[in-house]
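Please look over the sequence and the structure below. The paragraphs that follow lead through a sheet and a group of aromatic rings.

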Amino acid sequence: MLTRLVKMTFDKDKVDEFVALMEENSHKIRAVEGCQYLQILQDQSSPNVFFTYSIWEGSFYLHQYRHSALFKEVWNHAKQGFIAKPEAWSLDKIIEHKRDVVDRTTK
């Protein structure tokens, strides 16, 4: 598994355009082979800063997506609003903690 984190900083006038782009395409990205999870996150203190947080079955699938027509279309549209160079990280999970879930359903 591979976690991909991408930070993008947009011109404030392009924020709504980026959100609309992601609303239109995030389900398509999530449907790409090998994509296990996708979130689009917005910074609370700087609303023109966004992150994509995705989990992939492996680097092969991320590489395959990054060379697809879908990626090129979305990225070419998104980058028109950038005011800073995007930053990206490919990460391996080292430690994970999950809260135990207790089923409190009564019969």
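A residue is called buried under 20% relative accessible area, exposed over 50% and partly exposed in between, with a 1.4 Å probe and protein chains only. By this scale Trp 75 is partly exposed at 25%, and Phe 71 is buried at 15%. The model is predicted, so that local features need pLDDT of at least 70 and side-chain atom pairs pLDDT 80 or more, while totals for chains, interfaces and linings use all residues. Residues are numbered from 1 along each chain as its sequence is written, and side-chain values use heavy atoms, without hydrogens and water.

The sheet is open and has four strands in the order β2-β3-β1-β4, with antiparallel pairing. Strands are DSSP runs of E with at least two residues, helices runs of H or I with at least four, both numbered from the N terminus; two strands pair if DSSP finds at least two bridges between them.

Rings of Phe, Tyr and Trp (its six-membered ring) pair if their centres lie within 6.5 Å; planes under 30 degrees apart are stacked, over 60 edge-to-face, the rest tilted. Phe 71 and Trp 75 are a stacked pair, 5.7 Å centre to centre with 10° between the planes. They are four residues apart in helix α3 (residues 69–78), and therefore separated by about one helical turn.
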